[in-house]
Amino acid sequence: MRYISINMEGRHFNMPAITIGTVGFGTRVSREESFAQLDYYFAQGGTWIDTARVYGVGLLTEVLPHHKDSEETIGDWVRERDIRDKVTIVTKGAHWDLATKVKRVSPDAIRADIATSLQKLNMDYIDIYFLHNDDESVPVSEIMPVLHEIIQSGKARIIGASNWRVQRIQEANEYAQAHDLTPFSISQIKWSYGIPPTKPTVDMYEDQTQYEGYKKLNMPIMAYSAQAAGFFIKTAKLGFDAEALGNTAAFLSEENNRRAEIVKKIMTDKNISASAASLGYLWSREVPVTALIGCSTMEHLRTSLHGCEYFPEDPSVYE
């Protein structure tokens with residue numbers, strides 16, 4: 001595993017090229033398969049594990065009453081392997097209500113969610129705690145003090161913003177600096193080499209102010225959906241046949257098809273996987289990036305990790 005050395009709020013972190021995502025762990029991905037994937041990722045040198053308060057929660061109450069959610073599953077694995085000091089645990093709270101869709105970015109919701117996450121994980125602290133979504137009707141003056149409270153209490157070490165526009169992060173950090181509070185140190189956004197068929201919350205594709213803002217902040221990014229739903233992996237094997245691609249066919253477009261050809265050339269020239277060749281786009285950016293990869297099977301995980309030591313010497317190959 002290749003690592004990027006970063007500093008966040010005076011703390012040194014070795015950020016891996018790939019972070020393992022665990023959306024379905026304990027529910028759609030069985031406990032046994034979840035443990036096997038975590039073991040494999042850790043054996044390959046991976047140490048960052050991403051989860052969230054809502055991962056699996058809806059399934060537990062609807063169709064899987066005897067399963068554990070993602071946070072519980074990760075907590076069990078860390079405890080059984082006795083490796084708490086060897087992994088970086090990332091979780092997220094303040095997601096909208098799954099039943100009502102009502103936004104929950106409020107001091108009460110933030111406090112309640114981190115308390116539940118710590119209990120589910122069975123841990124004393126969380127390494128990186130993200131607000132899962134934003135609600136721009138809530139002023140940053142109501143949000144930043146409670147996040148600072150979480151840091152001061154030792155419940156989390158680093159604060160991050162997930163699905164926040166960079167302008168809101170800048171506003172929040174300016175408020176934090178002016179009031180001697182803890183700022184956001186990392187962002188989690190949807191980002192890949194493939195242009196998504198629907199515009200994401202944070203548009204890194206057409207809105208150049210987002211990328212330029214991160215360059216100005218020099219803020220590390222966790223990029224989720226980093227493999228563009230497997231578009232580059234599948235087209236490398238199957239070509240551009242919509243029927244063969246299944247749901248991934250939504251990514252078919254003149255520009256994405258051109259990018260797929262670039263990926264195929266890189267994987268051939270460098271003798272690496274299509275996954276590594278496509279993720280190289282993120283790794284070659286002017287801000288530190290870890291690609292967040294969620295896998296349903298061990299084979300998918302192996303494919304995703306193969307070649308993750310790759311780092312493009314010439315970013316222009318992706319243009």
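**Entry 1: H8 against H11**

I began with the handedness of the crossing between H8 and H11, and found it right-handed. A reminder to myself: this is a predicted model.

Next I looked up the geometry of the pair. Two packed helices are described by the angle between their axes and the distance between those axes. Here helix H8 covers residues 231–238 and helix H11 covers residues 274–283. Their packing angle is about 135°, and the axes are 8 Å apart. Angles over 145 degrees would count as roughly antiparallel and 65 to 115 as roughly perpendicular, so I noted H8 and H11 as oblique to each other.

Which residues meet where H8 packs on H11? On the H8 side I listed Phe232, Ile233 and Ala236, and facing them in H11 are Ala274, Ser275 and Ser278. Sorted by type, the residues of this contact come out as four nonpolar, two polar and no charged.

**Entry 2: Asn163**

I then moved to a loop. Asn163 sits between strand E7 (156–162) and helix H6 (166–178). Is Asn163 buried or exposed? Its relative accessible area is 11%, and since buried means under 20%, I wrote Asn163 down as buried.

What does the side chain of Asn163 reach with its polar atoms? One of them lies 3.0 Å from the backbone oxygen of His132. The Asn163 side chain also makes a polar contact with the side chain of Tyr224, at 2.6 Å.

Finally I collected the contacts of Asn163, leaving aside neighbours within four places in sequence. Besides His132 and Tyr224, the list holds Asn133, Asp134, Gln188, Thr201 and Val202.

Terms used
Residues are numbered from 1 along each chain as its sequence is written. This is a predicted model: local features need pLDDT of at least 70, side-chain atom pairs count only at pLDDT 80 or more; totals for chains, interfaces and linings use all residues. Side-chain values use heavy atoms; hydrogens and water are left out. Axes are lines fitted to C-alpha atoms, for helices over the stretch in contact, and angles run from 0 to 180 degrees between N-to-C directions. Helices (H or I, at least four residues) and strands (E, at least two) are DSSP runs, numbered from the N terminus. Angles under 35 degrees count as roughly parallel, over 145 as roughly antiparallel, 65 to 115 as roughly perpendicular and the rest as oblique. A crossing is left-handed if the near helix is turned anticlockwise from the far one by less than a right angle, and right-handed if clockwise. Contact means heavy atoms within 4.5 Å. Ala, Val, Leu, Ile, Met, Phe, Trp, Tyr, Cys and Pro count as nonpolar, Asp, Glu, Lys and Arg as charged, and the others, Gly among them, as polar. Buried means under 20% relative accessible area, exposed over 50%, partly exposed in between (1.4 Å probe, protein chains only). A polar contact is a pair of N or O atoms within 3.5 Å; within protein, one must be able to donate a hydrogen and the other to accept it, and residues adjacent in sequence count only if both atoms are side-chain atoms.
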